[in-house]
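Please consider the protein shown below, with attention to its annotated domain, its contacts between side chains and its surface charge.

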Amino acid sequence: MVRLGFAVIGVRDLARAVEFWTSALGLVAGEEWAGENWRTLEYADGSGRALALMRSESPAEARPRIHLDLVVDTTEEQEAEVQRLVALGASRVDWDLYPPNPDFVVLADPDGNVFCVVDLSRAPSG
């Protein structure tokens with residue numbers, strides 16, 4: 001039976017993306033399958049693969065149909081994590097599709113890939 005492996009993000013600068021995402025999520029760059037055009041990021045506790053980065057020449061999409069949601073439990077955590085991610089190289093996105101009182105903040109990684117930081121205490125499923 002088929003099963004989901006992991007999300008893959010296309011990036012132009014693989015080394016910069018590895019540095020950002022390992023720092024952002026506390027992951028480590030795995031050696032298995034490591035190459036000039038691919039890097040798999042793993043959980044630091046050795047429990048498995050978490051995310052993959054693949055060199056891509058296509059530009060990041062302004063409104064991707066699939067994106068990552070990074071989750072936190074409180075508004076205070078969300079504010080702190082957004083600041084930390086921006087300090088690591090993420091940028092805030094001027095998102096014109098925010099609903100009233102959004103539970104998420106839209107950021108872009110250094111390559112321009114959009115992702116969200118979601119405050120679960122304010123999420124619709126609450």
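The paragraphs that follow treat these topics in turn.

The model is predicted: local features need pLDDT of at least 70, side-chain atom pairs count only at pLDDT 80 or more, and totals for chains, interfaces and linings use all residues. Residues are numbered from 1 along each chain as its sequence is written, and side-chain values use heavy atoms, without hydrogens and water.

According to an unreviewed UniProt entry, the annotation "domain: VOC" covers residues 3-120; such annotations may be inferred rather than shown by experiment. This span is 22% helix and 33% strand, as DSSP runs (helices H or I, at least four residues; strands E, at least two). Its end C-alpha atoms lie 26 Å apart.

Six salt bridges are found in the whole structure, each a side-chain nitrogen of Lys or Arg within 4 Å of a carboxyl oxygen of Asp or Glu. One of them joins R16 and D111 at 3.3 Å, N to O. This pair links distant parts of the chain, 95 residues apart: R16 belongs to helix 1 (residues 14-25), and D111 to the loop between strand 7 (104-108) and strand 8 (114-119).

On the surface, D73, E76, E77 and E79 gather in a patch of negative charge (residues with over 30% relative accessible area and no salt bridge, like charges joined within 9 Å; area by the Shrake-Rupley method with a 1.4 Å probe). D73 sits in the loop between strand 5 (68-72) and helix 2 (75-88).

Notes
Patches are made of residues with over 30% relative accessible area and no salt bridge: like charges are joined within 9 Å, nonpolar side chains (Val, Leu, Ile, Met, Phe, Trp, Tyr) within 5 Å. Lys and Arg count as positive and Asp and Glu as negative; His and the chain ends are not counted. The place of a charge is taken as NZ of Lys, CZ of Arg, CG of Asp or CD of Glu.
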